[in-house]
Amino acid sequence: MKHTPLSVAIVGAGSRGLGVFERLVAHCLAQPVPLTVHLIDPQPFGAGFHLPDQPDHLLLNTVCAQLSAFADAHMVDGPVPISGPSLHEWCRRRDLRLADDGYTVRAGAGREIQPNDFLPRRLLSEYLTWAAGEIREAAPDHLTLLTHRTTAVDIRTEAPDTETVVLADGTRIDADAVFVTVGHHSLYQPPAPAPDPRLITRPYPLPEALDSIAPGERVAVLGMGLTAMDVIATLTLGRGGRHTTTERGLSYLPSGREPLIVLTNRSGMPSRSRPRLHPGRIRFAPLALTTERLDTLRAQRPDRRLDFTAEVLPLIEAEMELAYYRVLLGREMGDIADAGPEMARRCAQAGHEILLDELRARFGGSPVPGILSANLSDREWTGYAAYRDWFTAEVAADLAEARDGLGVSPLKEALEVLRDHRDVLRSVIDAPGVDDASLATFFGEFSATVNRQVIGPQLDRSAELLALIDAGIVQLGPGPQPKIVAPAGQGPWRLESTCLAEPLRMETDHVVQAHVAEPGADRVTGTLLGTLVAAGRVRTLAHRGTTVHGLDVTRDGQGVDRTGSPQPRLFFLGPHTEGSSYYNHYVPSPGAPSRALLDAERALSTALPELMTRKR
């Protein structure tokens, strides 16, 4: 143990920074090492980019029972002396209830909040802020927390074995290790000026970003993911409209203050709805997509880097098919819980290829083959009506599967493989990772497909979309791969079809780019990450000649500098490391391994081995 107190700095106090702090508190409770923690963020501790003043119709896309700021024995392999409620339990303790509209939450008014409810994002902000206070109160006396409500502008090596964090107010903080957890850092910067005032390149914060769109005007919304659903909700529910249930189903009652929304995207395909989560649903261990299989494949390659399309994608599709047939076999056996062990036994005996052949012969083909590579750009539609009818039928069919939910719908169970086995997919990207071409494929086509298939809107949002189309408030764009033509002078924007046999042109007054992408740190000047990349303290993956521009970090989170050398005391954790890792942007779920907290443990064990207690 050092005789002088250890000192660390956490730059960024959102959910990822909170996770690092929680791990520090947990280890200090188990091991009495003097420690000073500098927490640097102009925002309140815990909430990060989860803003507290958002309207209730802006919802989380994770059910409330799957969000927790408190580590448990399933999440990490370190000490877990601090317990606390999940978001669902926290809401129940406060008697927060859900109104009939399905999104408004108030104390004492409405029905009880259920574990599988999607709640307003403002509640997660309140919860994380509260949890940060609870964890802070649990810290022992030998841990000193110093908060700095400002921004870090640089991190330098001005003395041996020390990192110096330079703050915007001129303060310098010396630390034994620095953990940079700034999250979606570019969203805190003003957006670049758009070439046309009627082009909205960043639709946040809401509703202010959309205030220039007047009632009755026409607006093209480019994208059909979560951001697009936020935009639509803001321009409808946020302007006084409401959805009501009638004998015919869900209907939309306009307020008269809505614009006409033209919804379009490049693929022409809708995002799939998040499925209903039934209590007690079992997540089975993988049979084809296993780390052992990936290790065998790596051993056959000189550089141990995988070819994603040739070697990994077939295993993913096989695992999805196995999940599909597991539901069908469960129906036949009377319980999916019995089908799981039976399939695992047969797979161990004969291998997953033979097992799949047997299941296909028994139950017929599945819709899984090709589902991850579906593409409409080569399909020519007879006309707009044909495309519109196909699109709405797809949304309705998927909505029915989502309402059946996991464990009941074979298709949704198959797609959930992409979420259930994210840790295996992360191991594909973890060093030594994949070859350069595969890195671009994984974070380009594959990642976008995963987002559309399983990181889509809440099922209520899909039902609302159909109601809005029926009410004439939302109109679909002119098919896949539309051509967007900027106006000349004050004229309208044009959307022109490229996949319709009968060409179609639509005109709009505004365009909203409803797909927020985090640019590489080397492309955002004026931020801490941009400064560190420019100084060579850390590099991006662009040095590999790839289109992926996440930060280059070691498996332990150490930044890799421009010479290829890991920085021993400078660590990066979070979404800005996408490419070196996979899926960093989420709050941990109780009762399941948490990559966020496990990564924090790895980084802390590397930086502060004298503090870390022995693993269980």
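**Exercise 1. Which residues does Glu258 touch, not counting residues up to four places away in sequence?**

Solution. Contact is taken as heavy atoms within 4.5 Å. By that rule Glu258 touches Pro215, Gly216, Leu235, Thr236, Gly241, Tyr252 and Ile473.

The model is predicted: local features need pLDDT of at least 70, side-chain atom pairs count only at pLDDT 80 or more, and totals for chains, interfaces and linings use all residues. Residues are numbered from 1 along each chain as its sequence is written, and side-chain values use heavy atoms, with hydrogens and water left out.

**Exercise 2. Where in the chain is Glu258 found?**

Solution. Strands are DSSP runs of E with at least two residues, numbered from the N terminus. Strand 14 covers 249–253 and strand 15 covers 260–264; Glu258 is in the loop between them.

**Exercise 3. Is Glu258 buried or exposed, and which side chain of opposite charge is nearest?**

Solution. Buried means under 20% relative accessible area, exposed over 50% (1.4 Å probe, protein chains only). Glu258 is buried. The nearest side chain of opposite charge is that of Arg257, 7.3 Å away. A salt bridge needs a side-chain nitrogen of Lys or Arg within 4 Å of a carboxyl oxygen of Asp or Glu, and Glu258 has none. Separately, a polar atom of the Glu258 side chain lies 2.8 Å from the backbone nitrogen of Ser255.

**Exercise 4. What radius of gyration does the protein chain have, and what would a compact globule have?**

Solution. The radius is taken over C-alpha atoms, and the globule rule is 2.2 Å times the number of residues to the power 0.38. With 616 residues, the rule gives a value near 25 Å; the protein chain has 25 Å, which agrees. Buried residues make up 55% of the 616.

Methods
Helix = DSSP H or I, 4+ residues; strand = E, 2+ residues; numbered from the N terminus. Lys, Arg positive; Asp, Glu negative; His and termini not counted. Polar contact = N/O pair within 3.5 Å; in protein donor to acceptor, adjacent residues only side chain to side chain.
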